[in-house]
Amino acid sequence: TVEQGRIVTFLDQKTTEIDAAIAKKERLIELLQEQKNIRINQAVLRGLNPAVPLCDSGVTWIGAVPAHWKVVPNRFIFREQNARSLRGEETHLSMSQRYGLVPAKELDIQTLQSESYDGAKLCQKGDLVQNRLKAHLAVFAVAPCHGLVSPDYSVFRLQNSENQPVYFERLFKTPNYLGEFNRRVRGIVVGFLRLYSEDFNAIPALVPPCDEQAEIVRFIETTNKEFEDIRAKIDAEIAMLRELKAI
């Protein structure tokens, strides 16, 4: 009937409007994520003081850096660890591109089954753990606790305990450093390209004073929390729109 046709048209219009509203909110999340990354990248590469004097780092892909920062190869900052678990009784840690390095029990069973702990490496809280096959894809993270990881991972420990591991983790996730990681990975088959320890150790890192590293880490934590709070609100709005669409 004509009345039924009007109802269908009305519902289709409302569905289209809801879909458009959801798409706008999802795009807003993407834009906020991009803005958050820009702010954090700026902090770890240039510091928090926009008026600080800069100087040439001497490294083309890094560019100018705060004049009082040091540029030091990773081999002078980190020391690779190769201690192995005797009984495998320590907390099993598994790498997730989304969540970082977390206790394996927090990830799904499929991930657990694919993770091998035979001859597992030990790591301590604050160690930088890299999935060698995916380090150039930003699959590395700071260990949240003492535990054991896959023997295929690389474990690096800061030589100076006053340095901030989270600062270096985030530094290495900037486009500048991921680009260098991509240039240095080696292998015969695409998908099996490794970032070997000697190549990682040769990469120059930016080293602000320790107190400045701590300030940058606090800025990163605050910025991430602000983003997550806003995202939670937008996600709730999207959920409400989807419920409305389903009615």
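Which residue stands opposite V129 in β11? V155 does.

## Basis of the model

This is a predicted model, in which local features need pLDDT of at least 70 and side-chain atom pairs count only at pLDDT 80 or more, while totals for chains, interfaces and linings use all residues. Residues are numbered from 1 along each chain as its sequence is written, and side-chain values use heavy atoms, with hydrogens and water left out.

Helices (H or I, at least four residues) and strands (E, at least two) are DSSP runs, numbered from the N terminus.

## The open sheet

Four strands make up an open sheet in the order β4-β11-β8-β9, with antiparallel pairing; two strands pair if DSSP finds at least two bridges between them. β4 (78-81) and β9 each have a single partner strand, so one side of each is left without a neighbour in the sheet. From one strand to the next, the twist averages 25°. Axes are lines fitted to C-alpha atoms, for helices over the stretch in contact, and angles run from 0 to 180 degrees between N-to-C directions.

Strand β8 (residues 128-131) runs antiparallel to β11, and 4 bridges join the two. Helix α3 packs on the sheet, where it touches β4, β8, β9 and β11. The direction of α3 makes about 165° with that of β9. Contact means heavy atoms within 4.5 Å.

## Nonpolar cores

A nonpolar core is a set of buried Ala, Val, Leu, Ile, Met, Phe, Trp, Tyr and Cys residues joined through side-chain atoms within 4.5 Å. Buried means under 20% relative accessible area, exposed over 50%, and partly exposed in between (1.4 Å probe, protein chains only).

The largest such core has 34 residues, and F78, Y167, F168, L171, F172, Y177 and L206 have the most contacts inside it. Elements giving two or more residues to this core include α1 (2-46), α3 (165-172) and α6 (210-246). Beyond its neighbours within four places in sequence, L171 contacts V44, L45, Y177, A205 and L206. Another core, of 11 residues, lies apart from the largest one, and L93, C123, A143 and V155 are among its members.

## The β5-β6 hairpin

Strands β5 and β6 form a hairpin with 3 residues between them. The two run antiparallel and are joined by 4 bridges, with β6 covering residues 100-103. S96 has G100 as its bridge partner in β6.

In a regular strand the side chains alternate between the two faces of the sheet. In β5 (residues 93-96), L93 and M95 point one way, S94 and S96 the other, and all are buried.

## D199

D199 lies in helix α5 (residues 197-202). D199 is buried, with a relative accessible area of 14%. Not counting residues up to four places away in sequence, D199 touches R184 and R186.
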